[in-house]
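The points are grouped by topic.

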Amino acid sequence: MKVEDFKEGKILIIDKPLHWTSFQAVNKIRWAIRKKFNLKKIKVGHAGTLDPLATGLLVICTGKMTKKIDQFQAEAKEYKGTITLGQTTPSFDLETEIDKEFPTDHITDPAIKETAASFLGISEQKPPLYSAIKKDGVRLYELARKGEQTEIKSRKIEIFEFEIEKIEFPVVYFRIKCSKGTYIRSIASDFGIRLNSGAHLSSLRRTKSGNFDLSGAETPESFVEKLNKKASN
């Protein structure tokens, strides 16, 4: 861990903690590198945002390697998580409170698995109102928190794999492999609709991004601790 390594470009495999924003993880790592090597600035960025309520793989690039961020962002992602049936939230996850409840007595295990299979392939998806997408320079979640209704354009996505790993009703454990730009929260919401009920995303962990996975991943804090112990000029 030498200053030249970070300037020439490193790829850091970070395990983002719960409640952290992706920006906070990048900022902590950038600040630690600058402080350790007494740098005024250094390029640090991530290849794909994770919501604060999601954990897992965050690919962070430094120095000249930041030029490859767009390439890394375009690659397929894999997630594991849980969908809770019978309840919805405005944000499609637990960022907001439960707002509606729906019947679930008619939902069977085979129906859950058939519904997962129905998502496979290319489709159009509307991002959630609570998202970081900008409209007229304002992020959608800022408008949503003010109670403003916004028209959102759908976008093309692709679901390569959608496996139901376990069902502990009303919680469904899943693994999904999808294209760039897929909102798993929207998948969860649509999952409930397709079952003639409601649903929300109750947990999410990114496990893979392109050829990167969580093998050897470290938290932002453990990276900073290792940097301070081992790094040298």
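C178 is buried, with a relative accessibility of 1%. In this predicted model, C61 is likewise buried, at a relative accessible area of 0%. Zero disulfides turn up in a search of the whole structure. A disulfide is a covalent bond that links the sulfur atoms of two cysteines.

**Overall composition**

- The protein chain contains seven helices and 13 strands.
- The chain has 233 residues, and 45% of them count as buried.
- Its accessible surface is about 12500 Å², and carbon and sulfur atoms account for 48% of that surface.
- Of the contacts between residues at least 6 apart in sequence, 72% connect residues at least 24 apart.

**Strand 3 and its partners**

- Strand 3 covers residues 54–62, and nine of its nine residues are buried, so the strand is largely enclosed by the rest of the structure.
- Strand 1 (residues 11–16) runs antiparallel to strand 3, and six bridges join the two. Within this pairing, I11 stands opposite C61.
- Strand 2 (residues 44–46) also pairs with strand 3 in the antiparallel sense, over three bridges. Here G45 has C61 as its bridge partner.
- Strand 12 runs parallel to strand 3, and the two are joined by three bridges. T55 stands opposite R205 of strand 12.
- In a regular strand, side chains alternate between the two faces of the sheet.

**The nonpolar cores**

- The largest nonpolar core consists of 25 residues, and L85, F162, F174 and F191 are those with the most contacts inside it.
- Strand 4, helix 4, strand 10, strand 11, helix 6 and strand 12 (199–209) each give two or more residues to this core.
- Leaving aside residues up to four places away in sequence, L85 touches T104, I107, I112, F169, P170, V172, F191, L195, G198 and A199.
- In soluble globular proteins, nonpolar side chains tend to be buried together.

**Helix 4**

- Helix 4 spans residues 109–118, and I112, T115 and A116 are buried in it. These residues lie on the same side of helix 4, because they cover an arc of only 100° around the axis.
- An α-helix has 3.6 residues a turn, so residues three or four places apart point the same way.
- The packing partners of the buried residues in helix 4 are strand 4 (77–85), strand 10 (155–168), strand 11 (171–178) and helix 6 (184–194).

**Helix 6**

- Eight of the 11 residues of helix 6 are buried, so this helix is largely enclosed by the rest of the structure.
- The buried residues are I184, R185, S186, I187, A188, S189, F191 and G192.
- Strand 4, helix 4, strand 7 (121–125), strand 10, strand 11 and strand 12 are among the elements that cover the buried residues of helix 6.

**Helix 1**

- V3 belongs to helix 1 (residues 3–8). With a relative accessibility of 9%, V3 counts as buried.
- V3 and R34 lie 31 residues apart in sequence, while their C-alpha atoms are 9.3 Å apart in space.

**Backbone features in the loops**

- The peptide bond between F169 and P170 is cis, with an omega of about 10°. P170 sits in the loop between strand 10 and strand 11.
- H19 is not a glycine, yet it has a positive phi of about 75°. H19 is located in the loop between strand 1 and helix 2 (22–37), and it is exposed, with a relative accessible area of 54%.
- N196 is not a glycine either, and it has a positive phi of about 55°. N196 is exposed, with a relative accessible area of 62%.

How values were computed: Residues numbered from 1 in each chain as written. Predicted model: local features only at pLDDT ≥ 70, side-chain atom pairs only at ≥ 80, totals over all residues. Heavy atoms only, no water. Helix = DSSP H or I, 4+ residues; strand = E, 2+ residues; numbered from the N terminus. Buried < 20%, exposed > 50% of the residue type's maximum accessible area, 1.4 Å probe, protein only. Contact = heavy atoms within 4.5 Å. Areas by Shrake-Rupley, 256 points an atom, 1.4 Å probe, with all protein chains shown as cover. Disulfide = S-S within 2.5 Å. Arc of directions from axis to C-beta. Core = buried A, V, L, I, M, F, W, Y, C linked by side-chain atoms within 4.5 Å. Pairing = 2+ DSSP bridges.
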